[in-house]
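Please read the points below with the model open beside you, and check each one as you go.

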Amino acid sequence: MCGIVGYVGRSEAGPILLDGLRRLEYRGYDSAGVAIMDGDRVETRKCAGRIAELGKLMTEKPPVGTYGISHTRWATHGKPTDQNAHPHFDGSGKLALVHNGVIENYQALKEDLLREGEHIFASETDTEVLAHLIGSLYDASAPANGYVPPQNEKSRLVAAVRAALQQVIGTYGIALVHRDIPDFIVGARRGSPLVLGVGKEENFLASDVSAIVAYTRDAVYLNDFDVVAVERDKFEISSVAGEGGNYEVSKVEFTDEDIKKGDYPHYMLKEIFEQAGSVRDAMRGRLSTDECTAKLGGLDMTAAQLRDVGRIVLTGCGTALHAAMIGEYILEQLAGIPTEVEFASEFRHRNTPMTRDTLVFAISQSGETADTLGALRESRRKGYRTLGICNNVASTIARESDGGVYMHAGPEIGVAATKSFTSQVTILLLIGLLLGRMRHLSTSEGSHIIGALEALPDQIEQTLKLSDEIRGIARKYAASPGMLFFGRQFNFPIGLEAALKVKEITYLFSEGHPSAELKHGIIALVRPELPSVFITPDDAVFSKNLNNMEQVKARKGPIIAVTSGACGDRLRGIANDVITIPSAPAFVTPILSVIPLQLLAYHLAVELGRDVDKPRNLAKSVTVE
Ligand code: G6P
């Protein structure tokens, strides 16, 4: 959801900024731009389209200078045009600003500026209004005449940023430079992430450490309302209100190597194939075979507190919400605790009746999704213990929750989430095991669950071997107008997740439903051109699914079945294509059954010539409401 990179140092800023933007392209790719300062000249290159387009502009006419800011955009206010691309300038043309987030009161601020004086806006963006506001506050603070020492100009600019941000309603991660103040960048954040990379005689600002990890692994994760003044060899953090800021320099837990695509044609395929390892990492050190339970110290709750949990709410968006839906089945079955799933975007705005013994989990790969963060804050505001299940260790959700469980899945770059989903479900299984063992689950049941979890990485490896077979199926159905997905119980949310993957990266119409809902309306869609995918492993509801498949077959709808064990034989003659995954207990099966469907979506998208890692209109981390 927009990516920002800033650099101040001794090297040429252009290549560093462009490289950083490429690594942040997953956050948005509607348009991109840079502003690099060279003496008293501001070199700007910006255009609609991908970073590659910006790269061409910068190769044709390389901007020179050792400090600057840059941006890749996911459009909110204003179309993705050259004019609307960031950076934006203030009225003087000396101050350049990049912004991630939404300035909700930008219209009112714009009207005030227009009333005050000569402000001409070149774009439709909220960002340009902020640039003008900061610029005019800075200019207004200039002494009437006389020499201004550079140090004073720096503090004047920081003061103008603070004063402007005090007027802003909305969210922002910003970076700005001013032509008159060499080697100086100001950044600030509220609601949109911003990290300071601390180097040797060079410093960086970025929306995400992946943009700068090739240059430094020392990072300061800025807090909301932090304002940072960055120079080549120092930085100073304060708050929007003008107080001194607290910070710590942390080590980034992954390296530049971890975010390379390697031999894979796409990040999505790489991440699908990483799942045996990422699921193993989600469990690492967290299973106690002696006590037949899970150990989750990050929850930061005593045994008594865990025993007192009477109700659980799981909240998230997109793929994380689908993991939550499986979590509902898991927690109710393993721990017997009433569990509900709430769309984060709805939960935060409605008055959900909650009991005092309710435990809330905010599930988010990025830990930055605005709706999930809003739900977390609302829940904490009302006094409920709120825990995070996040992948991004330093994320806002991870930092603002009362405790939680990290996924340790490693960086996920493909916009369509894959490995984070299986890690989320694995963690929900660990939570179910822990809470269940504190209630009614026996040691032998606990040990059975641990056995099923420990078997998973090998079973995932086996499942991944189906990739070539699935590519063949994808080719066969690539001309279909869409796809329907059906499953029951633990596999109903897998139908939703599979439909989401197909939608996101193939742009084909797709829907997921509980199998039994077929007859309540969806069956009207069934026809020979539209394939139905049934996720129907060898479980207690297999024969029920079989009935639903017969209903589709009777109407000449093609059927693809994902099944397990010996059930494959029972499907011959009914399903046109059968994909067989390893047998596993019902509660862990979704971790296996989702994999062929991730692969199906992937191969379909490749077959259709889609941009798998950067599907149209999407962004990986959605930091606006
Ligand atoms: C966006 C992405 C989805 C993702 C969702 C939640 O919509 O396109 O792939 O599932 O955000 O992201 P989170 O980082 O909170 O898990």
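1. A polar contact here is a pair of N or O atoms within 3.5 Å, and by that cut-off a polar side-chain atom of Glu504 is counted, lying 3.5 Å from an oxygen atom of the ligand. Please keep in mind throughout that this is a predicted model.

2. Which residues are closest to the ligand? Among the 13 residues that surround the ligand, the closest are Thr319, Ser364, Gln365, Ser366 and Thr369. The side chain of Ser364 places an N or O atom 2.6 Å from an oxygen atom of the ligand, while for Gln365 a polar backbone atom is 2.7 Å from a ligand oxygen. Of the 390 Å² of accessible area that the ligand has on its own, the protein covers 89%.

3. The domain assignment divides the chain into domain 1 (3-258), domain 2 (261-464) and domain 3 (465-619). The centres of domain 1 and domain 2, taken over C-alpha atoms, are 35 Å apart, and eleven residues of domain 1 are in contact with twelve residues of domain 2.

4. About 1000 Å² is buried between domain 1 and domain 2, with carbon and sulfur atoms giving 51% of that area. On the side of domain 1, Tyr26, Tyr221 and Glu253 supply 38% of the area buried against domain 2, more than any other three residues.

5. How many salt bridges does the rule find across the interface of domain 1 and domain 2? The rule finds one; Asp224 forms a salt bridge with Arg377, with the closest N and O atoms 2.9 Å apart. Six residue pairs are in polar contact across this interface, and the residues of domain 1 that touch domain 2 comprise six nonpolar, one polar and four charged.

Methods: Residues are numbered from 1 along each chain as its sequence is written. This is a predicted model: local features need pLDDT of at least 70, side-chain atom pairs count only at pLDDT 80 or more; totals for chains, interfaces and linings use all residues. Side-chain values use heavy atoms; hydrogens and water are left out. Domain bounds come from an automatic or database domain assignment. Contact means heavy atoms within 4.5 Å. Buried area is the accessible area (1.4 Å probe) that two parts lose on being put together, summed over both. A salt bridge is a side-chain nitrogen of Lys or Arg within 4 Å of a carboxyl oxygen of Asp or Glu. A polar contact is a pair of N or O atoms within 3.5 Å; within protein, one must be able to donate a hydrogen and the other to accept it, and residues adjacent in sequence count only if both atoms are side-chain atoms. Ala, Val, Leu, Ile, Met, Phe, Trp, Tyr, Cys and Pro count as nonpolar, Asp, Glu, Lys and Arg as charged, and the others, Gly among them, as polar. A residue is near a molecule or strand if one of its heavy atoms lies within 4 Å of it. Accessible areas come from the Shrake-Rupley method with a 1.4 Å probe; for residues, only the protein chains shown count as cover.
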